[in-house]
Amino acid sequence: VQLQASGGGLVQPGGSLRLSCAASGSIFSINAMGWYRQAPGKQRELVAVMYTGGRKNYADSVKVRFTISRDNAKNAVYLQMNNLKPEDTAVYYCNARIVDSSFDLDDYWGQGTQVTVSS
């Protein structure tokens, strides 16, 4: 199983970016997909997660500004980020909790995509 993330970049404060992540490989089912981020010198933190039933959780710092969505047919998750702030600057990692074709449950991570918010 692999996760491929894309969509990071440099944006000015107040701007928007959309991150995408797709899972591929021997997937039986996906329980949850989400995004974490890690800023320099800080621990990795949860940004947003969406469970297969539709429930969503967001970090307090991104509520209202960020929206997570999934396309179950494509095994994909997206993060629409609006009104970006300099403190959103970090490497963003896609995460998925996947049951593979051997019926093993595990967490998988994408390669990380840099988001830089700066004027």
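Trainee: Which residue of β8 stands opposite T67?

Mentor: T67 faces Q80 in β8. Please keep in mind that this is a predicted model, in which local features need pLDDT of at least 70, side-chain atom pairs count only at pLDDT 80 or more, and totals for chains, interfaces and linings use all residues. Residues are numbered from 1 along each chain as its sequence is written, and side-chain values use heavy atoms, with hydrogens and water left out.

Trainee: What makes β7 and β8 a pair?

Mentor: Two strands pair if DSSP finds at least two bridges between them; β7 and β8 (residues 76–81) are joined by six bridges in the antiparallel sense, so they count as paired.

Trainee: Why are β1 and β7 called edge strands?

Mentor: The open sheet of four strands has the order β1-β3-β8-β7, with antiparallel pairing. In this sheet β1 (2–6) and β7 (66–71) each pair on one side only, and therefore they are the edge strands.

Trainee: How many helices and strands does the protein have?

Mentor: Helices (H or I, at least four residues) and strands (E, at least two) are DSSP runs, numbered from the N terminus; by that rule the protein has zero helices and eleven strands.

Trainee: What makes the 30 residues a nonpolar core?

Mentor: A nonpolar core is a set of buried Ala, Val, Leu, Ile, Met, Phe, Trp, Tyr and Cys residues joined through side-chain atoms within 4.5 Å, where buried means under 20% relative accessible area, exposed over 50% and partly exposed in between, with a 1.4 Å probe and protein chains only. The largest such core has 30 residues, and L3, W35, V47, F66, L79, M81 and Y92 are those with the most contacts inside it. Strand β9 (90–100) gives the most to this core, with five residues. In the protein as a whole, buried residues make up 40% of the 119 residues.

Trainee: How do you know that the radius of gyration agrees with a compact globule?

Mentor: The radius is taken over C-alpha atoms, and the globule rule is 2.2 Å times the number of residues to the power 0.38. With 119 residues, a compact globule would have a radius of gyration near 14 Å, and the protein has 14 Å, so the value agrees. The C-alpha trace spans about 50 × 25 × 25 Å along its principal axes.
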